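Subject: Structure for your files

Dear colleague,

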Amino acid sequence: MTAGGDGFAAVAGGPALHIPVLGRPALDFLNVHDGGIYIDATFGAGGYARAILAAADCKVIGIDRDQTAIALGADLVQAANGRLTLIEDRFSNLDAVAHSCGHQAVNGVVLDLGVSSMQLDQAERGFSFRLDGPLDMRMGHDGPNAADVVNAAAERDLANIVFILGEERHSRAVARAIVKARAQAPIRTTRALADIVAAVVRSRPGDIHPATRTFQALRIFVNDELGELVAALTAAERILRPQGRLVVVSFHSLEDRIVKTFLIGRGETRAGSRHAPELKAPPPTFRVLTKRPVVADADELAHNPRARSAKLRAAQRCEAPARDEQASDLLPRLPALADIVKGH
Ligand SMILES: C[S@@+](CC[C@H](N)C(=O)[O-])C[C@H]1O[C@@H](n2cnc3c(N)ncnc32)[C@H](O)[C@@H]1O
């Protein structure tokens, strides 16, 4: 990696509103070089984008679905002197975003999944069970929110969402308690929901907060986080040039499993079946660079507790054309958000 061009000092500095997780290995796997085009598909507070811009005389397209994150990045755009473009969009559209910026192919795509500390720490965004605020949880600013789901979903759907996306063993009790509470009055705040869940999910001292898993499930559902991830992986496959790098940092097992399974599938050459042996096996589109996921070292863990559950996987794009299939078989079976809130 080489030192960056103009604006290096300004771009490397600036306030850190969110400590980037696994920033160093992410940058190394991206293989940032002069003249390269990189997509930071989860711009957030710009920690990754800032590091990429500082590492070489390259260009970065930053994407975030949160207009607040995009607006806060304005200073960095200015300091980067034409090398950073910020776009408010969902990362499932990352290939279309690159096209709209005039690039038919890019050298690297990085995804640092989940919510940022800025989002978690603002009570009015409704992500945190520790802060009282409206039960919102949307990373963007449109579409149904968590209160819409909690107040409209059938008990069975609620239980499935909380079980599958939150891996909550007490999902049925949680769903039952929510349905009972909302019969009295709609559930509108994070505190109200946290109290309802805490009354039915027991926790021992030292355990995570009893509402952690339910909040995680609702956040993933409201933002269609897994659907977005699968679509982003196939979009990255389409937009990366040969030798281009894909780097994904995930924070829970559902995401990591999707990334791992996608990369294994795309790294395989599948033979034709016994019934159709003449079928030509498609060549691999990715070569996996991380046999095991990279995790934070003791030093990073000491400084950033958020890094505890982070796992990084990286792969290099091969020459073969992107595959046609959408990989939606990697998604859990759940009703669509629009169907859950229909008529509410
Ligand atoms: C963990 S933060 C990224 C932090 C960033 N790497 C940094 O160093 O500051 C995740 C960001 O991704 C955004 N995000 C999550 N899902 C998204 C999606 N489907 N499309 C676009 N942005 C998304 C969130 O709004 C949030 O700002």
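The largest cavity is lined by at least two residues from each of α3 (47-55), β2 (59-64) and α13 (225-239); helices (H or I, at least four residues) and strands (E, at least two) are DSSP runs, numbered from the N terminus. α13 supplies the largest share of that lining, 3 residues.

This is a predicted model, in which local features need pLDDT of at least 70 and side-chain atom pairs count only at pLDDT 80 or more, while totals for chains, interfaces and linings use all residues. Residues are numbered from 1 along each chain as its sequence is written, and side-chain values use heavy atoms, with hydrogens and water left out.

Cavities

A cavity is a set of points, on a 1 Å grid over the protein atoms alone, where a 1.4 Å probe fits but cannot get out; lining residues have an atom within 4 Å of a point. Grid points are joined across faces, edges and corners, and a volume is the space filled by probe spheres set on the points. There are 2 cavities of 30 Å³ or more.

The largest cavity holds about 370 Å³ of space. It has 30 lining residues, of which T42, D64, D112, L113 and G114 are the closest to its centre. By class, the lining has 11 nonpolar, 9 polar and 10 charged residues (Ala, Val, Leu, Ile, Met, Phe, Trp, Tyr, Cys and Pro count as nonpolar, Asp, Glu, Lys and Arg as charged, and the others, Gly among them, as polar).

The second largest cavity has a volume of about 30 Å³. G23, A26, L27, L30, Y48, A51 and I52 line this cavity, with α2 (23-30) and α3 each supplying at least two residues. α2 gives the most, 4 residues. This lining has 6 nonpolar residues, 1 polar and no charged.

Ligand

The ligand sits in the largest cavity, meaning that more than half of its atoms lie within 2 Å of the grid points. There are 25 residues around the ligand, and D64, F91, D112, Q119 and E228 come nearest (near: a heavy atom within 4 Å). This shell divides into 9 nonpolar, 8 polar and 8 charged residues.

A side-chain N or O atom of E228 is 2.8 Å from a ligand nitrogen. A backbone N or O atom of R65 lies 3.1 Å from a nitrogen atom of the ligand, and one of Y48 lies 3.3 Å from a ligand oxygen. Taken alone, the ligand exposes 610 Å², of which the protein buries 99% (Shrake-Rupley method, 1.4 Å probe).

Regards

Technical notes
Polar contact = N/O pair within 3.5 Å; in protein donor to acceptor, adjacent residues only side chain to side chain. 1 Å grid on protein atoms, 1.4 Å probe; cavity = no way out; pocket = protein on both sides within 12 Å on 5 of 7 lines; lining within 4 Å.
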